[in-house]
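Good morning, and thank you for coming. I would like to take you through one structure, and I ask that you keep it in view while I speak.

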Amino acid sequence: MRKYNKNIVLLLALVALLIPNACQKDLLDPVPQNSLSDATIFATPDRFLSLINGIYSQMKSGQFYGGRYLVYGDVAAEEFLNETGNGVTALQVWNHTLGESANEVNNLWNAVYTTINSCNIFIDGADRNRAVLNNDALANQYIGEARFVRALCYHSLVLTYCRPYADGNGSNLGVPLRVQPEIGPTNNNLARATVAEVYDLILGDLNFAEQNLAASNGSALLNVTRAHKNAAIALKARVLLAMGRYSDVVTETNKLVPAAAPYKAPSGVAHELQADVKKVFATPYTTTESILSMPFTSTNLPGVQNGLGSYYNPGPRGIGDYSLNPKGIIGDTLNFSLADARRSFVLNHTNNKPYLNKFPAGPEHLDYAPVLRYAEVLLNLAEAEARTGGVTQRAVDMLNAVRGRSDASVQFTTASFATADELITAILRERRIELLGEGFRDFDCLRLLQPLPGKANVAAILPSVSEYIWPIPSGELAVNKDCVPNP
Amino acid sequence: MNNPPVFRVRGINSINLSSFPLIVIDGVPTFTGDLGNSAANNVLSNLNPNDIESIDILKDASATAIYGSRASAGVVLITTKRGQKGKTRVSYDAWAGWASATRVPEVLNAQQYVEIKNEAAANAGLSGPQYFLDSINGQLIDTKWEDYIYQTGFSHNHGLSFSGGGDQTTYYLSLGYTEQEGMIVTNTFKRLSGRLNLDHKLTKRIKIGGALGYSNNDNVGPNSGSLPGQAFSTAGIGRLAFVTAPVVDPYLYDSRGERLPGTAGYNIGTNNQVGRGKNKQQTGFYNPMPLIDLNKQTSEANQIQSSVYGQLEIVKGLSIKSQYGIDNIRVENVTFWTPIHGDGLGQSGLAANTSIDYKRWNWQNLLNYDVTLAEKHTIGALVGTEQQRTITEGWGAQRTVIADPFFTTYQGNFTTIVPTGNFQGENYLLSYFGRLNYEFNRRYYLTFNVRQDEYSAFASGEKKGTFWGASAGWTLSEEAFWQNTIGKTVNFFKLRGSYGTVGNNQGIGDFASQSLYGSGLYGASPTIVYTQAGNPDLTWETSKKTDIGIVFGLFNDRLQGEYTYFKNVIDGLVQNAPQAPSKGIPGNSIAINIGAMENTGHEFSLSATVFRSGKFSWTSSANLTLMKNEITELYEDSDIFSATSGLESTNIHRVGESVGSIFAVETQGVNPANGQRLYVKADGTVVQYNHVVPAGQSRWTTLDGAAATAASLLADGKVYGPAIPKWFGGWDNTFTYGSVDLNVQLNYAGGNYIYNGSKAGLRDQRGWNNHTDVLDRWSENNTGGKIPRVVFGDNVSNGSALPISENVEKGDFLRIRNITIGYRLPANLLERANIASLRIYGNVNNAFLFTGYSGTDPEVSANGNSNSTPGVDRNTVPMAQTFTVGVNLGF
């Protein structure tokens, strides 16, 4: 009897098990708990804002404006010497040995286009989901921010991978112009637009941004870490400078620089030079001289071997991959006097090598990475004035504003310069001093079709050779069959 | 040590999904792979080898159908020991072993280093010597870094087991302990394991039983640089042993020659590199000594594998069985990096603890019917269901900026904390299957099976896959005509064939079909960013497997053999289809079922009692597999390039070629006229490279000196051949003479190519040390030199910046993998001590290697189990040779 019962119970139990429990079927449709589905990203107004911050965070990638992009712009030219021989910290940029499969070439391209796609997804989605926001001005402001970032992205691409605008007025090959969201497997093939077509898109985006961005984002932090009207104008001036449209540069920069001192932006955020340049690069990094910077916190760092401080600070604050070239601008004590306040950015290390001390925070690289700064606006205006009007008082005033705040011993007058060229030379030199370490050196050589000067045993790169610009990355060429390499 | 193995059944059977076979322990599919940090933690090593009764490898479609959905890469069935009725058996097995590095690259000594590097500096136009011989207390500094990093590691292992039982209950109980030291200092592995397997007859018709296995393993490891992703790690001490300059010492000394105390005693320079001393240029990357002494990386796993079953015989031949199993692993990874040097410097010290939790349950229910009718017809039928649910979770945090150098643990004080190692995943598999066997009079065999699976990771509406297989066999030797003719010689002969489809879902992401956005930070603000482009059509990758073969026995089975032809056609390969980077798709890829691949081959095996006379016997078995892999379709026919650690692109997937073929630009040695490396461009033009040229001149020139464009991997690269062997096999011999046994195992493989990136690294003309082959560099006095003229800073001519054919080598080898000699003590001697059996043995593992390959090991894999970058040797550690002595004792 007992035995019989056991058999029955077990048999029933086993038969029951053979019929899988119907409710287990839900297990076939799991929902990730730490990611959002694409269908829900525009579901709330807060998510619009998070998406915008997401776009900035991608632009802030350590491969891009978070660090490396600026480093590339400086070490390609003559101001820095490589110290570590480490192949993953811009050595090939410094050496001019970048091939199309080099990591720098592929990683920057990837980081920039990832940001561009996020902009395109946002521009498209925000427009279709305006009802969620229920605030057209805000929707347009957000879209303006996405278009601002997209413009900055495309400008970085043409400056790096394409012949300068000055070479044939933009008639050379640009980059593939992606303006639609890409979320599926189609559209791999897209030919390169011309440089001029890329610039058209950039200017269109910046004009839209200028009109729709907020005049002010409401706090010192947001005015430095997110775009606003003045940021769009300042960037547009830089873009026009790259195109050699100097009278337009004057028009744009004049929106930010009043006719007479004190030079302080008359509308929007009240941008102006700080009395002490060191303050701009010191915590909290949110002075009104900074028009746009990339923020870092202890919980949001640029990543290993990405931070500006990692490259330029000697140990233990950084890795010190690059020291300053004593034969570069810091060796020019005549024009960059030892009394100049900007000399405090040159650190003479115990190993007798000078290092850039502009981003001294380390080993956590918390210094904000500069994107747009009022000093650049003034120097852009100075140069455009000199190129359109010769040795004008306005051009000299701008130069004096930047030079004078760090070295009061020198005050130029229009008589200081016999020709416009002399003035322009002084302005370009001032850019090397003022913007050292902010990624401008190769930009200033390329836009004027000047050689990238040599250093140590690395020879200068003339505008005629292929190393003058970066190759189109192998990753793109392998998949995008309509994309052609640089000659 | 304890890196997961690379394990292939019939080669690579996927591109993006896993080619690792399904490992099933006592009916429950288990986890595989590395769950550690820099200290590897191969979860398969949790199983005590002493507990293994048998390992069966299923290869063809028919045999794998029962695990059909996960069997694309084969199935390895591991069965643990069960108790046997009878007297309690006690056995104790122990061994001790010594492991050391072999085939270590020969690098320059201090004098040679100074000579080469200063010559390179002069050739690069640097003014004056850059490197200098130096001494400490009158003693020349000539550091042999490998002596600081490699050691003879001692290991020992103990296993104790009890088994036995009565009519109703049988049991197997075991304990195991192993403690091993690696050939790299500080690398250790410990495992403590216990197992209880129990079977009980409840009634005449009901059997219940279960297994409970517990294992704790503890791995301590430096960053050796030998795990996937670590190949270029500057902290990988495996390579620091060879690339750090011999002209600097690891330590600093005072004027009396005493090492400075504490951390001040390490020779560390400004740039987080080993201190340069008098030298003007870098002398290496990290100083390995503070990393060895002060960093700590451990990975500890606790795993429980357990199952219970109940089986009821309803009527004779008809039984029902239910088995429920769990497999839970908890891993804790602990990392501490010193703030004074190395990877920890950039974070001012780092302590990270992460926890990984893998949980699985598996429930199988089987109804089985076996019957023999009219003595000749044997029929077997099986229907069943299986459910398997897996949940994976990881979480942890990383603390940086040490508050005081005193702290070395996560629990100490650091000023910053950020999350790290967070993930959450889950998947579920629901299957129904059936199998029908028919056998007629031991002559004809037929099997048919079918299985339907639903898997959660595939797209909605695409989760279901149906797979089936059939096989047939004919034992000719049972037929009268056979027995009457050649039956006396060929006593057994069977023809067999099978065909079937199997699926592959192994290695696919849990949410691979979905388009996802993640959340992060921009400064202090939360963000949403695009993280995965999904595919609403993603479904099973399937393969069609065909097997045809014979099995035979000659001379009363004194010689037995098998031959099989196999073909595996994989369709709808889940490919991470490359997307143009300009599209900005996360990861530049989308998982799509597109692409196809074929594996075809022949397997031969023979085993024989070669000789038996009196006390002496020799048995031998050998096998050989010939295999060809070919990709037949890829997304948009685009080549896919794959790189080691994301840095060195040496492999290609291309239609018509073997998966992950070795790809490089052809080089033709050195131009005797000027010592420059010669490259061949796609159009056949030969160009040469000079690292340092005056302004306006091109580094790349044609042989007549005209400027040329740079050699390009994309435009000028060529496929050199398969990275996976085209032939491989083994030969196993056992000789016994009375109580003495000798076992010799050989294995061999070849037809494949290896990209020897380590060779490039050892010829790099930055400050690193070089292989002694660099002494044969071109110079005006040695125009026949095989190594290009050395130019300081040159990382192109050696192949570091661009993979070149100079570093492509054939991988053919023959290895005497294992030699064991044992002695079984005579029974009469043991009886007095109440010992049933006692055997002592000595063993050498990796005894000899015959190969033309110049690197450390032709079976190397710098990229672990990756399908896309096989056959790459990049800064991998030398291979280990182990000597062991052991004892097997039975009571």
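This is a predicted model: local features need pLDDT of at least 70, side-chain atom pairs count only at pLDDT 80 or more; totals for chains, interfaces and linings use all residues.

Let us begin with chain A. It contains 18 helices and 9 strands. Along the principal axes, its C-alpha atoms fill a box of roughly 120 × 55 × 45 Å. Of the 487 residues in chain A, 57% are buried. If we take the contacts in chain A between residues at least 6 apart in sequence, 68% of them join residues at least 24 apart.

Our next topic is a pair of helices in this chain. Helix α5 of chain A covers residues 103-128, and its axis lies 9 Å from that of α7(A), at an angle of about 155°. Because of that angle, α5(A) is roughly antiparallel to α7(A). The crossing of α5(A) past α7(A) is left-handed. By class, the residues of this contact are 14 nonpolar, 3 polar and 3 charged. On the α5(A) side they include A:V112, A:I116 and A:F122, and on the α7(A) side they include A:I143, A:A146 and A:L157.

A:L152 belongs to helix α7 of chain A, which spans residues 136-161. Is A:L152 buried or exposed? A:L152 is buried, because 30 other C-beta atoms lie within 10 Å, and the cut-off for a buried residue is 20 or more. Beyond its neighbours within four places in sequence, A:L152 is in contact with A:M59 and A:L235. From A:L152 to A:I116 the separation is 36 residues in sequence and 9.5 Å in space, taken C-alpha to C-alpha.

Helix α14 of chain A (residues 374-389) and helix α15 of chain A (residues 393-406) have axes that come within 8 Å and cross at roughly 150°. It is therefore roughly antiparallel packing that relates α14(A) to α15(A). The crossing of α14(A) and α15(A) is left-handed. Their contact holds 11 nonpolar residues, no polar ones and 2 charged ones. Among the residues that meet are A:L378 and A:A382 in α14(A), with A:M398 and A:V402 in α15(A).

We now come to the two chains together. How many residues of chain B are in contact with chain A? There are 96 of them, and they touch 90 residues of chain A. On the chain B side, the residues divide into 43 nonpolar, 43 polar and 10 charged.

Strand β18 (residues 444-455) is joined to strand β19 (residues 464-475) by 11 bridges, and β19(B) pairs with strand β20 (residues 490-504) over 7 bridges.

I finish with the backbone. Most residues other than glycine have a negative phi, and most peptide bonds are trans. In chain A, a cis peptide bond joins A:T283 and A:P284, with omega about 5°. The bond from A:G362 to A:P363 is also cis, with omega near 5°. A:P284 lies in the loop between α12 and β5 of chain A, and A:P363 in the loop between β8 and β9 of chain A.

In chain B, B:T186 has a positive phi, near 70°, and is found in the loop between β9 and β10. The phi of B:N588 is also positive, near 55°, and B:N588 lies in the loop between β25 and β26. Both residues are buried: B:T186 has 20 other C-beta atoms within 10 Å, and B:N588 has 22.

Technical notes:
Residues are numbered from 1 along each chain as its sequence is written. Chains are lettered from A and ligands numbered from 1 in the order in which they are written. Two residues are in contact if their C-beta atoms, placed from the backbone, lie within 7 Å. Ala, Val, Leu, Ile, Met, Phe, Trp, Tyr, Cys and Pro count as nonpolar, Asp, Glu, Lys and Arg as charged, and the others, Gly among them, as polar. Helices (H or I, at least four residues) and strands (E, at least two) are DSSP runs, numbered from the N terminus. A residue is buried if 20 or more other C-beta atoms lie within 10 Å of its own, exposed if 12 or fewer, and partly exposed in between; C-beta atoms are placed from the backbone. Axes are lines fitted to C-alpha atoms, for helices over the stretch in contact, and angles run from 0 to 180 degrees between N-to-C directions. Angles under 35 degrees count as roughly parallel, over 145 as roughly antiparallel, 65 to 115 as roughly perpendicular and the rest as oblique. A crossing is left-handed if the near helix is turned anticlockwise from the far one by less than a right angle, and right-handed if clockwise. Two strands pair if DSSP finds at least two bridges between them.
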